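I set out to go through this structure in short entries.

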Amino acid sequence: SASVGLNLTNIQGDILIGMKKNKELFFFFSIVDPTSFKAQLGADILPFITSTTQVLDVSTQPETLVNIAFSQKGLTELGITDNLGDTLFAAGQLNDASNLGDTTSDWVSEFIDPNNLLHGVLLLASDATDNINSTLSQIQNALNGSISEVYSIQGQARPGDQQGHEHFGFMDGISNPAIAGFSTQLPGQALVAPGIILVGEGGDGTARPSWATDGSFLAFRQLEQRVPEFTKFLIDNALSEPNLTADQNAELLGARMMGRWKSGAPIDLTPLADDPVLAADPQQNNNFNYSHPGFNITTDQSHCPFSAHVRKTNPRLDLNNANFTNHIIRAGIPYGPEVTDAEAASNTSSTDPSLERGLAFVAYQSSIGTGFAFLQQKWANNANDKNCASSYSLPQGQDPIIGIAPEDGPRSVGGLDPLDPTRDITMNQDFVISRGGEYFFSPSLSAIQNTLSA
Ligand code: HEM
């Protein structure tokens, strides 16, 4: 497709392709001296901020990649009065908590601070935490007390052969939409206009101040994962495919909840057994749309349940491959340690906060209401309304991975058993617990220089 001429030196590097390092620190800060901060931002901090061009050029990129984003409270603190045209961003994520199905008593206290001093976040990514720590020191020295730390989360890729896999064990980061004029569309991959992700680009229909162009809204979520409980649930509810062992039937249930096998192979293409070769082939691992010759897509769950996480969050042919709006780019990373022997033996996550693990979830979009919040609220949490064409007769059930039931009670998920898709499997608990987060705006480098600095 024709180049739309995206200004990649102006777009922060995490947005379109992700900084993709083994370590990433999310450093949430409060601006305590706005006047000093504005002076330092352009003069001292801007040189640290990594553009998309720099992320693309691995040979010349710095050892630590840095991005910065601001909450509405942060922009206000900097004296910005322009309306960025996103009501969820303007109100902040805490005001969206009940719409998202969150229980705010599960939120970490820093995200519900009544003074809401959370003004921004620095994202520092590198393959070594030493690099991150020394870059953070340099930034803090330059800022000389104009910001203070509110909270931080150290993300890290999982060890060994689990690198790239989230804590439940599934390969992540496979399917993101291609951006027209920027990325090459792989078979099966969604293609969206740049304005679906970037503010002010073609396809963003909202009126914005011109300085916001080439920025993107960053939805951050700290999503705790109850890994031993998830593993036990799979064993206790193992399916009963006749040619599979008990372990394989447990794996199959997990794969049907996610829509992919642990390797990343899509169950829509390989419904009864993992296929690591297929998983590793980018020409094939996204090339599915839930339709199969001889099967009616509006009723068929033999390949993939309607409720599977990847089908809920990207319905593909269920929406006639015609949804070009409700897409996000994901750039999260796992946080927290591996499951300990004691946790595995007791099938229970420790209550020790230092052992909390999960996903430091990051989604970029030009509109939070059509991006992250739409996927979470209208699709994942929604058991009865179908996120698919009107000809579908079966309810989908909530997303068993991220669907959040507001009442927090047990819930039933249909469609998981390929031998009897009408059989409901009861989940007595959620395996992903939202610990809260915030909505941020990740501005262009020119906006940092010309609008946010003094
Ligand atoms: C895909 C895990 C939270 C949206 C995936 C995949 C995994 C996964 C393993 C498949 C790999 C891939 O296609 O890249 C998780 C876990 C989560 C989580 C463990 C929580 C701890 C979320 C949230 C959203 C989301 C909160 C949005 C509301 C998506 C989307 C895809 C995806 C859009 C790609 C679907 C496709 O294009 O086929 N996730 N995810 N995920 N997830 Fe999540």
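I looked up Asn176 first. In this predicted model, Asn176 counts as buried because its relative accessibility is 19%, and the cut-off for buried is under 20%. I placed Asn176 in the loop between β4 (147-156) and β5 (178-179).

His327 is found in the loop between α11 and β8 (329-330). I noted a relative accessible area of 8% for His327, so this residue is buried. I then checked what the His327 side chain reaches. The side chain comes to 2.8 Å from the backbone oxygen of Asn323.

**Entry: the ligand shell**

I listed the residues around the ligand. There are 24, and the ones that come nearest are Ile174, Ser175, His309, Arg316 and Arg330. I sorted the shell by class and got 12 nonpolar, 7 polar and 5 charged residues.

I went on to the polar side-chain atoms. For His309, a polar side-chain atom lies 2.9 Å from a nitrogen atom of the ligand. For Arg316, a polar side-chain atom lies 2.8 Å from an oxygen atom of the ligand. For Arg330, an N or O atom of the side chain is 2.7 Å from an oxygen atom of the ligand. I also asked which elements give two or more residues to the shell. They are β7 (216-225), α11 (309-313), β10 (358-365) and α13 (372-380).

**Entry: the iron atom**

Which protein atom is a donor of the iron atom of the ligand? I found NE2 of His309, at 2.1 Å, as the only protein donor. His309 lies in helix α11.

**Entry: charges over rings**

I returned to Arg316 for its charged end. That end sits over the ring of Phe288, 3.9 Å from the ring centre.

**Entry: aromatic pairs**

I searched the whole structure for aromatic pairs and found 21. I wrote out two of them.

I took Phe26 and Phe220 to begin with. Their pair is tilted, at 5.0 Å centre to centre and 50° between the planes. Phe26 lies in strand β1 (residues 23-31) and Phe220 in strand β7, so the pair ties together parts that are 194 residues apart in sequence. Both Phe26 and Phe220 are buried.

I then took Phe230 and Phe431. Is this pair stacked or edge-to-face? The planes stand at 80° and the ring centres are 5.6 Å apart, so the pair is edge-to-face; the cut-off for that class is over 60 degrees. I traced Phe230 to helix α8 (residues 227-236) and Phe431 to the loop between β12 (425-427) and β13 (432-442). The pair links distant parts of the chain, 201 residues apart. Both Phe230 and Phe431 are buried.

I followed up Phe28. Phe28 lies in strand β1. Its relative accessible area is 0%, so Phe28 is buried. I also took the C-alpha distance from Phe28 to Ile147. These two are 119 residues apart along the chain and separated by 9.8 Å.

**Entry: positive phi**

Asp214 has a phi of about 75°. Asp214 lies in the loop between β6 (191-192) and β7. Is Asp214 buried or exposed? Asp214 counts as buried because its relative accessibility is 5%.

Asn321 has a phi of about 50°. I placed Asn321 in the loop between α11 and β8. At 43% relative accessibility, Asn321 counts as partly exposed.

Key:
Residues are numbered from 1 along each chain as its sequence is written. This is a predicted model: local features need pLDDT of at least 70, side-chain atom pairs count only at pLDDT 80 or more; totals for chains, interfaces and linings use all residues. Side-chain values use heavy atoms; hydrogens and water are left out. A residue is near a molecule or strand if one of its heavy atoms lies within 4 Å of it. A polar contact is a pair of N or O atoms within 3.5 Å; within protein, one must be able to donate a hydrogen and the other to accept it, and residues adjacent in sequence count only if both atoms are side-chain atoms. Helices (H or I, at least four residues) and strands (E, at least two) are DSSP runs, numbered from the N terminus. Ala, Val, Leu, Ile, Met, Phe, Trp, Tyr, Cys and Pro count as nonpolar, Asp, Glu, Lys and Arg as charged, and the others, Gly among them, as polar. Rings of Phe, Tyr and Trp (its six-membered ring) pair if their centres lie within 6.5 Å; planes under 30 degrees apart count as stacked, over 60 as edge-to-face and the rest as tilted. Buried means under 20% relative accessible area, exposed over 50%, partly exposed in between (1.4 Å probe, protein chains only). A charge sits over a ring if NZ of Lys or CZ of Arg is within 6 Å of the ring centre and within 35 degrees of the ring normal. Donors are N, O and S atoms within 2.8 Å of the metal (3.2 Å for Na, K and Ca); water is not among the atoms, so sites may look incomplete.
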